[in-house]
Amino acid sequence: MAKKAAAGTPATALLTAQKVEHTLHPYEVSPEAPNYGALVAEALGVGAERVFKTLIAEVDGELVVGVVPVTGDLDLKALAHAAGGKRANLADRAAAERSSGYVRGGISPLGQRRKLPTVVDDSAVALDRMYVSAGRRGLQVALAPADLIRLTEAVTATIRT
């Protein structure tokens with residue numbers, strides 16, 4: 001039933017097309033809630049270190065995706081270094097939404113409209129499953145970190161604070 005509800009997100013379409021093992025997890029948390037990531041983890045009944053947020057930053061004028069655990073924040077200096085740049089700032093909301101094709105609170109690292117360089121925090125590598133947005137608010141997808149890294153052609157680095 002959850003799969004049917006997610007039909008149509010570019011992220012789930014990509015996972016299905018690539019025959020990647022994944023599970024979908026709907027939840028209800030207001031995107032305006034403080035400590036949103038921790039509330040999502042709680043709603044899903046999983047450790048917060050397994051739930052990752054997708055942030056889009058501008059590194060030396062180019063958009064880059066950072067995927068970090070909800071337990072911390074994105075270290076912009078570390079992201080810039082991992083992406084081969086010098087300076088990073090969070091991208092403005094409109095640019096992030098336009099580039100990814102997703103809305104804030106539902107940006108997935110998978111199936112983005114424009115393929116961007118991606119850096120996944122290296123803490124993901126130690127996990128058997130990680131949770132990221134499935135491409136819309138209220139829906140997470142659990143998958144093996146290796147699959148996420150492969151599909152996004154990501155590099156891994158310590159980019160969390």
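This is a predicted model: local features need pLDDT of at least 70, side-chain atom pairs count only at pLDDT 80 or more; totals for chains, interfaces and linings use all residues.
Residues are numbered from 1 along each chain as its sequence is written, and side-chain values use heavy atoms, with hydrogens and water left out. Local features need pLDDT of at least 70, side-chain atom pairs count only at pLDDT 80 or more, and totals for chains, interfaces and linings use all residues.

Eight salt bridges were found, each a side-chain nitrogen of Lys or Arg within 4 Å of a carboxyl oxygen of Asp or Glu. One of them pairs Glu-21 with Arg-129 at 3.8 Å, N to O. Glu-21 sits in the loop between α2 (10–17) and β1 (22–26), and Arg-129 in the loop between β5 (118–121) and β6 (130–136), so the bridge ties together parts 108 residues apart in sequence. Helices (H or I, at least four residues) and strands (E, at least two) are DSSP runs, numbered from the N terminus.

Arg-160 also forms a salt bridge, with Asp-121, the closest N and O atoms being 2.6 Å apart. This pair links the segment after β8 (155–157) to strand β5, 39 residues apart. Asp-121 counts as buried at 0% relative accessibility, whereas Arg-160 is partly exposed at 32% (buried, under 20% relative accessible area; exposed, over 50%; partly exposed, in between; 1.4 Å probe, protein chains only). Shared partners join Asp-121, Asp-122 and Arg-160 into one network.

Turning to helix α5 (residues 93–100), Ser-99 lies within this element and is buried, at 6% relative accessibility. Leaving aside neighbours within four places in sequence, Ser-99 is in contact with Leu-63, Arg-113, Arg-114 and Leu-116 (heavy atoms within 4.5 Å).
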